[in-house]
Amino acid sequence: MRRGYAALAALLALLSACAPQVQRLTSVSQPRPDWAFEASDIPVEPAYRFGKLPNGMRYVIRHNANPKGTVMVRMEVAAGSLDESGSELGFAHFVEHMAFNGSTNVPEGEMVRLLERNGLAFGADTNASTSFQNTTYMLDLPRNDDRLVETALMLMRETASELTFAPEAVARERGVILAEMRDRNSWQLRNAIAQAKFLHPKALYPARFPIGAIETLNAATAQSLQAFWQREYVPSQTTVIVIGDIDPATVEKAVAARFGNWKASAADPQPDAGPVNADDGDRTEVYIDQALSERIVASRHGPWIDGPDSRAQRQEELLRQIGYGIVNRRMQRIARRSDPPFRAAGFGTGDVFRSGRTTNLVVDTVDAKWRKGLIAAATEYRRALQYGFTAAEIAEQVANVEVATRNAAASAATRTNGGLVNAVFGLLRDDMVPSTPESVLERLQAFIPEITPERVLAALKREAVPLDKPLLRFQGRKLPVGGAHAIRAAWNEATHVRLTPGEAAPSAGFAYTDFGPPGAVASDSREPALGIRTIRFGNGVRLNLKRTDLEAGRVLVKVSVDGGEHINTRDNPIATQMVPYLPVGGLGRHSQDALQSILAGHTVSTGISVGADAFVSSAQTTPDDLELQLQLFAAFVADPGYRLEGEVQYRLNINNFFAQKDATPFSALQNAIGAIVSANDPRFSLQDIDAYRRLTFEKLKGDLADRLKQGAIEIGIVGDMDEEKTIAMVARTFGALAPRETEFRNLADAPPRTFTADRERRVIRHTGPTDQALIRLTWPTRDDRDPLETLKLELLERIVRIELTDTLREKLGKAYSPSASSSPSRNWVNYGTFGIAASVDVHEVAATQLAIAETLAELRDKPVSDDLLLRARAPIIEGIDNGLKSNSGWLSLVDRAQSEADRIDRYLKSRDRMLALKAGDIQDMARHYLTQAGALEILVLPQGAAVPAP
């Protein structure tokens with residue numbers, strides 16, 4: 001069973017790339033059962049149907065009707081990059097690509113087309129991935145008809161045993177893979193590989209990252225790839241998973257019929273990913289990259305802790321999780337000070353495959369502040385292990401675990417196909433037995449009385465490897481003063497800091513339960529087509545409700561407050577920049593840190609984003625916590641805290657953003673395109689860093705005061721809730737606020753948003769690898785007031801994307817993932833854009849430009865084929881048909897059902913309108929908008945690279 005990083009997961013994103021999901025059921029030398037639950041006292045959930053064919057292939061089948069009428073099909077092959085020899089680097093990933101390039105019964109290029117005709121969008125519904133240990137093929141079927149399920153199983157069998165590896169197909173796909181390698185060559189990946197080599201210099205896995213090596217990829221032939229595939233793709237290493245709205249008995253027969261005659265073959269054991277040297281320590285590395293924010297990681301290794309998934313093991317894991325959670329909660333509290341020693345810090349232990357385990361203390365600091373941060377974090381780590389934890393700290397962590405487990409049990413009957421598939425992956429990859437959420441809750445509640453500070457500390461110490469003479473790794477933009485010697489000296493200093501017990505954080509009750517007399521309902525009606533209930537309170541607040549049974553025990557809430565981007569003006573263009581940091585500033589009577597403790601054991605969240613015309617807060621909660629969630633959101637409208645710690649966190653992050661803004665072609669484009677397209681309108685342009693540094697919460701308070709006090713409010717609530725009780729909850733919170741404006745401001749009254757008249761080609765520079773270039777073409781289009789025109793542009797977008805993929809990726813091998821996007825504005829009158837982008841080799845810019853121009857010219861010159869129209873439209877139709885099979889789909893119509901009521905009518909008519917579109921309509925759109933003269937071209941090139949001739 002795999003051990004997680006607990007609360008450290010976000011901080012250790014790069015570390016987890018070096019130490020991925022692992023299996024831990026038995027040691028390598030012991031025989032493993034077919035299924036982990038056969039050696040566990042955890043009862044497996046009976047709704048799953050597990051089986052094994054005589055040839056050794058396993059399968060997992062389960063009926064589930066959420067979303068109704070859909071099916072997920074997966075095939076997992078227990079072979080990945082660790083199975084490659086030194087001359088086969090990248091072969092596992094190469095074979096994954098070849099699965100879409102021809103087999104015995106499916107000609108090259110037809111697999112994707114076949115799926116598109118059946119409503120599966122390439123990438124979104126049709127995909128595959130390769131890791132160190134596994135290769136996974138994924139099909140999300142929009143319908144559950146027997147023919148489509150059979151087609152999916154046929155394609156999986158073709159991949160498993162019938163690939164043809166035509167030499168010309170291999171040659172074409174090589175270009176795609178090299179393009180993907182080029183695109184993935186980021187500062188994050190380079191740092192992850194370097195870190196893996198530092199932590200485990202003699203291990204196998206640092207030399208087996210799935211992307212491979214240029215030399216071996218260039219040397220790959222049809223014969224060598226086929227040899228790898230035949231060696232690794234064998235029944236005993238393959239599991240087929242089918243979960244969805246199907247009859248399990250029927251699908252089981254179909255799986256047996258489709259895969260039963262696959263010839264059994266012996267599987268080579270996967271090589272050990274290690275070794276992991278438990279004696280390795282007292283080494284220091286300094287790694288410099290201009291895109292890297294400052295971080296120090298202290299690490300020590302230990303042996304892998306063997307043990308099956310069992311009741312006792314899960315209790316031990318829970319105790320450890322609580323311990324790590326408390327340490328990281330303390331680190332978080334320190335980071336939230338008004339003068340924090342570090343930006344963030346965390347402590348955790350994770351498995352390195354089945355080869356060992358590593359304990360890490362991770363410290364993120366402001367540039368040149370590493371010493372102070374390292375000493376502070378190391379001191380807090382030592383304090384925790386010396387003095388242990390308080391009962392209050394235990395209670396907070398237990399409350400959060402219990403509420404998450406209780407929520408899972410409450411929604412067990414309406415789990416999604418994706419959630420159930422992930423549980424199967426947990427079994428296959430991590431030997432985690434999928435048991436019923438109800439039984440998990442029962443075991444947890446029985447164990448909670450046994451959770452004590454002493455037991456938590458003991459469990460933590462049993463797993464965490466003492467950080468004695470640790471491996472120390474510095475990463476950042478600038479060499480640390482004093483180099484590696486100074487880093488080691490700072491650590492040694494931290495180990496001699498005199499320790500005292502920590503101070504307990506004060507506790508308090510939630511102060512925002514009374515907003516005044518409940519508001520009266522001024523109007524109450526029900527939209528006839530979809531049954532959305534619309535209410536208006538006397539103070540002008542609007543409420544829209546839709547009760548569903550799609551997700552038991554879950555409720556989605558979305559609050560929109562008039563404001564958003566229209567607060568920004570030419571004279572005050574970044575007025576809303578700090579809005580997302582409002583929750584970090586807490587409330588008037590609670591800091592963010594205090595709120596976290598107060599709200600422990602409740603399913604609520606804070607968060608504010610900036611939309612075009614509104615400030616938006618969204619949350620998933622439960623029926624029991626719905627009123628608390630509404631109180632919390634109302635409190636942020638009525639009494640935001642604007643505390644200094646939120647301002648401090650903003651400044652720390654804005655400095656880091658500017659240091660990284662040009663580190664990749666995509667980030668350089670994203671940060672420059674607003675100014676280019678808008679002709680330097682400051683509202684849509686990145687400003688000088690000093691402008692952001694001058695921002696304060698005091699200024700934000702002044703900019704927002706009017707909107708928070710009187711701006712229109714509309715609330716959408718969808719899910720498992722009682723309508724009358726919910727209306728009463730809103731009446732006691734938002735309905736009790738002072739009277740407000742009843743309508744959202746119309747952006748038509750604001751200065752218009754325009755598209756630059758200057759179509760001269762622009763060149764921007766990035767600081768990433770010298771072979772990376774990006775081509776972006778943008779055209780002005782229109783707003784979305786005409787729903788039919790909007791649908792035409794959406795269909796044109798799909799067709800352009802398919803055509804570019806066929807041309808740039810499949811035929812020419814120049815780009816890994818070309819894109820197209822249509823963005824007609826809902827808020828800015830007469831404004832919209834259509835864009836296409838392709839990441840290519842810097843030497844292929846001119847050839848790619850020509851290929852794009854030819855593709856667009858063909859779209860303008862003649863109607864698309866009926867087949868292409870079908871392939872583009874079918875996934876859109878399926879998306880419409882399945883749009884209201886989830887609470888999130890409903891919320892997209894419910895949230896603004898009064899102020900944007902037209903969206904409901906648009907949705908209801910969208911299917912017929914889309915089906916009525918003809919090839920000529922798309923040609924007309926291409927002729928009208930995608931003209932050669934109308935395009936604004938932006939080239940993103942490496943610093944110093946020559947600009948190709950136009």
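## Sheets, core and ring contacts in a predicted model

Leaving aside neighbours within four places in sequence, Thr 159 is in contact with Met 75, Ala 99, Met 111, Tyr 137, Trp 229 and Tyr 233. The model described here is predicted. Thr 159 belongs to helix H4. Its relative accessible area is 3%, which is under the 20% limit, so Thr 159 counts as buried.

**The nonpolar core**

The largest nonpolar core holds 56 residues, and Val 73, Leu 141, Leu 153 and Phe 259 have the most contacts inside it. Helix H4, residues 146-161, supplies the largest share of this core with eight residues.

Which residues does Val 73 touch, not counting those up to four places away in sequence? The list consists of Tyr 137, Met 138, Leu 139, Leu 141, Ala 152, Leu 153, Met 156, Ile 241 and Val 242.

**The six-stranded sheet**

Six strands make up an open sheet with mixed pairing, in the order S1-S2-S6-S3-S5-S4. Strand S1 (49-52) and S4 are the edges; each has a single partner strand, so one side of each lacks a neighbour in the sheet. From one strand to the next, the twist averages 15°.

Within this sheet, strand S3 (residues 71-77) pairs with S5 in the antiparallel sense, over seven bridges. Arg 74 is placed opposite Met 138 of S5. Helix H2, residues 91-98, packs on the sheet and touches S4 and S5, and its direction makes about 165° with that of S4.

**The seven-stranded sheet**

A further open sheet has seven strands in the order S12-S13-S14-S18-S15-S17-S16, and its pairing is also mixed. Its edge strands, S12 (521-526) and S16 (609-610), each pair on one side only. Strands of a sheet pair through backbone hydrogen bonds, either parallel or antiparallel.

| Strand pair | Sense | Bridges |
|---|---|---|
| S12 and S13 | antiparallel | five bridges |
| S13 and S14 | antiparallel | four bridges |
| S14 and S18 | parallel | six bridges |

Facing residues can be named for each pair. Val 521 stands opposite Phe 537, which is in S13. Ile 535 stands opposite Leu 543 in S14. For Lys 546, the bridge partner in S18 is Val 718.

The hairpin of S13 and S14 has four residues between its strands, and Gly 540 in this hairpin takes a positive phi near 100°. Is S14 largely enclosed or largely open? Five of its six residues are buried, so S14 is largely enclosed by the rest of the structure.

Helix H27 (residues 887-894) lies across strand S14 (542-547), strand S15 (555-562) and strand S18 (713-719). The helix runs at about 155° to S18.

**Charges over rings**

Lys 546, the bridge partner of Val 718, also lies over the face of Trp 890, at 4.7 Å from the ring centre. Another contact of this kind involves Arg 896, whose charged end sits over the ring of Phe 744 at 3.9 Å from its centre.

**Aromatic pairs**

How many aromatic pairs does a search of the whole structure find? The search gives 22. One of them is the pair of Phe 132 and Tyr 205, which is edge-to-face, with 5.9 Å centre to centre and 80° between the planes. Phe 132 lies in the loop between strand S4 (126-130) and strand S5 (135-141), and Tyr 205 in the loop between helix H6 (187-199) and helix H7 (214-219), so the pair ties together parts that are 73 residues apart in sequence. Both Phe 132 and Tyr 205 are buried.

Phe 259 and Trp 262 form a tilted pair, at 6.4 Å centre to centre and with 50° between the planes. Why do both count as buried? Burial requires a relative accessible area under 20%. Phe 259 is at 0% relative accessibility and therefore counts as buried; Trp 262, at 8%, counts as buried too. Phe 259 is also one of the residues with the most contacts inside the largest nonpolar core.

Beyond these pairs, Trp 35, Phe 37, Tyr 48 and Phe 50 form one aromatic cluster.

How values were computed. Residues are numbered from 1 along each chain as its sequence is written. This is a predicted model: local features need pLDDT of at least 70, side-chain atom pairs count only at pLDDT 80 or more; totals for chains, interfaces and linings use all residues. Side-chain values use heavy atoms; hydrogens and water are left out. A nonpolar core is a set of buried Ala, Val, Leu, Ile, Met, Phe, Trp, Tyr and Cys residues joined through side-chain atoms within 4.5 Å. Buried means under 20% relative accessible area, exposed over 50%, partly exposed in between (1.4 Å probe, protein chains only). Helices (H or I, at least four residues) and strands (E, at least two) are DSSP runs, numbered from the N terminus. Contact means heavy atoms within 4.5 Å. Two strands pair if DSSP finds at least two bridges between them. Axes are lines fitted to C-alpha atoms, for helices over the stretch in contact, and angles run from 0 to 180 degrees between N-to-C directions. Rings of Phe, Tyr and Trp (its six-membered ring) pair if their centres lie within 6.5 Å; planes under 30 degrees apart count as stacked, over 60 as edge-to-face and the rest as tilted. A charge sits over a ring if NZ of Lys or CZ of Arg is within 6 Å of the ring centre and within 35 degrees of the ring normal.
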